[in-house]
Amino acid sequence: MALFVTGGAGFIGSNFVLDWLEQSDEPVVNLDKLTYAGNRENLAALAADPRHFFVQGDICDRALVDHLLATHRPRAIIHFAAESHVDRSIHGPAEFMRTNIDGTFTLLEAARSYWNSLKGVELRQFRFHHISTDEVYGSLQPDDPPFAENNSYQPNSPYAASKAASDHLVRAWYHTYGLPITISNCSNNYGPYHFPEKLIPLIIANALAGKPLPIYGDGQQVRDWLYVTDHCSAIRCILEAGQVGEVYNVGGWNEMPNIDIVNTIIKLLDELRPDPTGSYARLITHVTDRPGHDRRYAIDARKIERELGWRPAEIFETGIRKTVQWNLANQAWVEHVTSGEYRQWLDSNYGARL
Ligand code: NAD
Ligand code: TYD
């Protein structure tokens, strides 16, 4: 038995693989293209571990996916691979359509063909789990209830639209072909190995470098933040006990405006790595807002709690402290992933804003 993971060298995927192999001896086949967001260094702890089989490749490569499924005969596919950054999707949507939509389509077709070849217990236990986002539901008004699984889809960014399309494909492969799928829609994750293009690691990296801390618009946009290992435990619960064809919303019950997130990080850095020239708060810089910026996301995670008994283990205060400490202790990792391509990205995204 094995798990087949896509995108397992990215932020959430690598946390999932590391967590999985800490708790289980079931091997993991990890297919990742190693885009700018994928980094083998995240998996360095598994370098000599025979339970981890890493393949650099593209989920759009049907022949490769067919070959890996036929060779390793996994009992489940956990599909993390995606282009995942909203701002990049605004600058260049094409890659989002290719990986998130075409890639998911290719994977579904390969999974369907593999599943059709299975018999007996292998057939009965096979699952395709698709990792998605709360962003497919659109934006909430301040007094709206949080997103439940039956909310309508109203994606607003090219990223969210491509993830919404992939969710629809996965759903259709269940209804039409009976492929045994589950889907989870999760809120914003944070924690170790978070690529410093996203808000939390970007603020930590910029503060330590004495660079401006860019706040889009008024900074009052609200996100629900979940510590990444809690997302991993939710996926394990769904894999173990989730009902075929079902969608589970996963969130941290932790809505916070961006400016409060930034101020929390500043307070922690002022305590853990004080700057002799004064508080990092001096670096806060309001910049031009993101086009079509969603105002508020919030997740109603009662279904997964009621049906599968999952709840987040981490509260924000402890999770964010661990995250800041991890970044301080892993500055070499941050330096390696913020290579030439990353600097070009900073110029194209922030050059005109600041
Ligand atoms: P990430 O950008 O850090 O990692 C994505 C990984 O996918 C990278 O390792 C990359 O190399 C790989 N990849 C990209 N294109 C590929 C392709 N064509 N073939 C094979 N591999 C490819 O993303 P993440 O933050 O870890 O997100 C993982 C999943 O979780 C995504 O599907 C994302 O939509 C979803 N999600 C993310 C969040 C979040 O807060 N980060 C929240 C909810 C859902
Ligand atoms: P991000 O981490 O990109 O996640 P998402 O857009 O998927 O929620 O952004 C989180 C929030 O932080 C979002 O409201 C945009 C905002 N933000 C900034 O204010 N400044 C920044 O430099 C970045 C990257 C994000």
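**Ligand shells, a pocket and a cavity**

Reply: Let's start with a strand: β5 provides the largest share of the shell around ligand 1, 3 residues. Helices and strands here are DSSP runs numbered from the N terminus (H or I, at least four residues, for helices; E, at least two, for strands). This is a predicted model, in which local features need pLDDT of at least 70 and side-chain atom pairs count only at pLDDT 80 or more, while totals for chains, interfaces and linings use all residues. Residues are numbered from 1 along each chain as its sequence is written, chains are lettered from A and ligands numbered from 1 in the order in which they are written, and side-chain values use heavy atoms, leaving out hydrogens and water.

Me: How many residues surround ligand 1?

Reply: A residue is near a molecule if one of its heavy atoms lies within 4 Å of it. For ligand 1 that gives 28 residues, the closest being I12, D32, S84, Y159 and K163. By class, 12 are nonpolar, 12 polar and 4 charged. Here Ala, Val, Leu, Ile, Met, Phe, Trp, Tyr, Cys and Pro count as nonpolar, Asp, Glu, Lys and Arg as charged, and the others, Gly among them, as polar.

Me: What surrounds ligand 2?

Reply: Its shell has 18 residues, with E135, R223, R290, H293 and Y350 the closest. H293 brings a polar side-chain atom to 2.7 Å from an oxygen atom of ligand 2. Backbone N or O atoms take part too: one of L199 is 2.9 Å from an oxygen atom of the ligand, and one of P214 is 2.9 Å from a nitrogen atom. Alone, ligand 2 exposes 510 Å², of which the protein buries 97%. β8 gives the most to this shell, with 3 residues, and the shell divides into 7 nonpolar, 5 polar and 6 charged residues.

Me: How do I read empty space?

Reply: Rolling a probe the size of a water molecule over the atoms shows where empty space is left. On a 1 Å grid over the protein atoms alone, a cavity is a set of points where a 1.4 Å probe fits but cannot get out, and a pocket is an open set with protein on both sides within 12 Å along at least five of seven lines; lining residues have an atom within 4 Å of a point. Grid points are joined across faces, edges and corners, and a volume is the space filled by probe spheres set on the points.

The second largest pocket holds about 230 Å³. Its lining has 13 residues, and A205, A209, K211, V334 and T338 are the closest to its centre. α7 gives the most to that lining, with 4 residues.

Me: How many cavities of 30 Å³ or more are there?

Reply: The count is 1. The largest cavity has a volume of about 30 Å³, and its lining consists of M1, R73, P74, R75, Y114, L118, E122 and Q125.

Key. Polar contact = N/O pair within 3.5 Å; in protein donor to acceptor, adjacent residues only side chain to side chain. Areas by Shrake-Rupley, 256 points an atom, 1.4 Å probe, with all protein chains shown as cover.
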